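Please describe selected helices, loops and sheet strands in this model, with the cut-offs behind each term.

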Amino acid sequence: MGRVFLAPSLGFMALIALFPVFYAVGMSLYNIRGFQQEFIGGDNYVRALTDPNFWNAAKNTLVFTVASVSLEFVIGMAFALIMHQVFVGRGLTRAVILVPWVIPTAVAAQVWRYMFDHNPGFVNAVLGTEINWLRDPAWAMVGIISADVWKTAPFVALLLLAGLQTIPKDYYEAAKVDGANALQRFWLITLPLLRPAIVVALLFRTVDALRMFDFAYVFAGYSNSVATLSVYAQRFLVAEPQLGYANALSTVTFVIVMLVGLAFISRMGRHMVGDVARKEKR
Amino acid sequence: MPELPWHRRHSWRAGGAAAAALVLTLASACGEPPGEEPDAEGEPAGLAEDPQFVWAVTGADRQIHEDVARLWNENNPDQEVEVFFLAPTADEQRQAMFQDLQSQAGEFDVLGLDVIWTGEFADFGYIESLEDLRPEIEGVSLEGAVDSSQWQQELYALPYSSNGAFLYYRTDLIDEPPTTWDELYETGTAAAEEEGISAYVGQGDQYEGFVVNYLEMFWSAGGELFDDAQENSTFLEGDAAQTALDFMTEGQESGFFAEGFDSMVEDDARALFQAGEAVYMRNWPYAVPLLEGEEGEDSEVAGDFAVAPLPTFTGEGTTSALGGLNNAVSTLSENQDLAREFVLWAATDPEAQAVLAGHSLPPTMLSAYDEADDPNLELLGEILADAHARPPVPGYNSLSLVIQDNLHPAFLGQQDADSALEAVDNAAGDALEQD
């Protein structure tokens, strides 16, 4: 009976969420030039997989994702632990720490771009360096990653802080009585019990990082030096309009994001669900 | 009903474009490319009470296009035009027009196309042939502007506005403007050292402006991108490509280009020159009134600068890339006769073209320059007579991206010059192909 009642909303969800995806997949099988289109099967996918610029974009995306998510996690965790200790003005601290995350990414990216630019050259002036932040591919990536970490570490911190606050203090007190030092308490109590929050934070950040567009586009436009998969797909949607190929690229991006998301949920999530199930059995 | 398949294809494409956009939105964090002045774009200007057709044109230089439309509406009260202002950035303009056509919305009757888009729009079947109007503009409009309006010897647009490069120089530091790039290099370096300022500013960021700056040097070394029939790339014939790249690489290494040249766009260069921080500047004519301190601008160089044609490697003549807009008639327009009439009027009516000149936007009508009493406009007329149109081939935008992706790192010494030039040559060949 429940299924019958759920059916309309499920159907509606499928329509708005999945229909465009299938449409895009359908379009990716065509070669589209203006008003002409021709069915070419999987040629666009073959083209993508043999396109060095696609692999370059995939590599950029991977580097960005691994670097930014790990840094955000470490820094976010540190933030969370600090905020967890502070009691006076915690609300205000939290609000302040969230400010970078509230700024629209495109705006933040523009600000960071100006800071890295030669004129006025704020970052170089502060560091006393003469690095070409925007036009040297490796340094541009460093710039993008630092901008993203600045923007998103607070968000990770907030998620982890919420998790920290669900851990009963009794555990720590009991551990102290048993003679566990601070590191042991963190390793044996905090980390395992924080797992759900960690999984959520990592999942959100990884999926978000894999489809990152703003920072790369604002820093370097369609330049291959730091183009991510999203930027590369956008290039064929707008700058060199080839709708079929653009759809193939966005479908590939979509599949990668979905697979990584599913892998996360099934690997880390099942443990989590498993723990809960075991506890309930007891 | 014969229209049925057409309609079916229509919904398929409309849905497809939307689907692609949606998947991309899903796949891109939460952003769109940042646009400037979001309020100024994407809206009809409301100049007509009873508009009969729509002209889609860039939101940059808004006032100028408004004045042109107002002039038309005053003369044609029964056939008023509505101006639809697109975003000021080229990519977004193209996207908006593509969307209108690809989804078969057909809301735009007249399309204001950047001079490099004619081939692409024509090849896609988006714009009508205007070949029968050729006699009306030949000998009336700038030759380069007519070149940029055609694809495969067929006319698909009519010239509207033009643009050419000036060499700005400091009259307090330089006596005579140089005629060769080498002379420019030497005099610029000497004056810059003496004054403790930069020698040269221009458009060195990795974008279309860089391509323009490079191509001007390439052409001025005797290079051509394609053979006359537009069938083969001739980019690597002769040593023009190498000469131009060498000049840029050396300029970057030796500090001839101002610091930050590699991330400079038009206004960055203008700001430095205006602050008295550079000896030479390559820029469009729009900078003249600003540098003279008009329109409430602070200018350190007011009265101390002049404009000249860009130099060449041989010292003969000048070469500027040709900018500007051409107007085309959309294939989907239901008011094609009216649209054609308007496009022709904008190209050939002296009053309409005078509106452009009055706003320092270079007109395309030759007569506008003949009667010029402004020496800068007269000079611009001479420059535009020798200006080079970037080839309006269907793949121009791809070619431009390849130039940006390869020559820019090569000029910074991050990529091997030979392989960069090779990549551009291949891309030039690809840009001609229509599959």
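Helix 16 (residues 396-411) of chain B has 16 residues and spans 21 Å from its first C-alpha to its last, close to the 22 Å expected at 1.5 Å a residue; the expected span is 1.5 Å times one less than the number of residues. Helices (H or I, at least four residues) and strands (E, at least two) are DSSP runs numbered from the N terminus. This is a predicted model, in which local features need pLDDT of at least 70, side-chain atom pairs count only at pLDDT 80 or more, and totals for chains, interfaces and linings use all residues. Residues are numbered from 1 along each chain as its sequence is written, chains are lettered from A and ligands numbered from 1 in the order in which they are written, and side-chain values use heavy atoms, with hydrogens and water left out.

Helix 16 of chain B is mostly covered, with 15 of its 16 residues buried. Buried means under 20% relative accessible area, exposed over 50%, and partly exposed in between, with a 1.4 Å probe and protein chains only. After helix 16 of chain B comes G413(B), whose phi is positive, near 75°.

Helix 10 (residues 266-274) of chain B has buried residues A269(B), R270(B), F273(B) and Q274(B). Seen down the axis of helix 10 of chain B, its buried residues fall within an arc of 125°, so they line one face of the helix. The arc is that of the directions from the helix axis to the C-beta atoms. An α-helix has 3.6 residues a turn, so residues three or four places apart point the same way. The cover over the buried residues of helix 10 of chain B includes strand 8 (166-170), strand 9, strand 10, helix 11 (287-291) and strand 11 of chain B. G276(B), with a positive phi near 75°, follows helix 10 of chain B.

Four strands of chain B make an open sheet with mixed pairing, in the order 9-10-8-11. Two strands pair if DSSP finds at least two bridges between them. Strand 9 of chain B runs parallel to strand 10 (residues 278-283) of chain B, and three bridges join them. Strand 8 and strand 10 of chain B pair in the antiparallel sense over four bridges. Strand 10 of chain B is mostly covered: six of its six residues are buried. V201(B) stands opposite M281(B) in strand 10 of chain B, and M281(B) is also the bridge partner of Y168(B). A278(B) in strand 10 of chain B is the bridge partner of S198(B).

| Residue | C-alpha distance | Sequence separation |
|---|---|---|
| V257(A) | 9.4 Å to A209(A) | 48 residues |
| L225(B) | 9.5 Å to A241(B) | 16 residues |

V257(A) lies in helix 13 (residues 243-281) of chain A and is buried, with a relative accessible area of 13%. Leaving aside neighbours within four places in sequence, V257(A) is in contact (heavy atoms within 4.5 Å) with V207(A) and L210(A).

L225(B) lies in the loop between helix 8 (208-220) and helix 9 (240-253) of chain B. At 2% relative accessibility, L225(B) counts as buried. Not counting residues up to four places away in sequence, L225(B) touches several residues, among them L215(B), F218(B), F235(B), P391(B) and L399(B).
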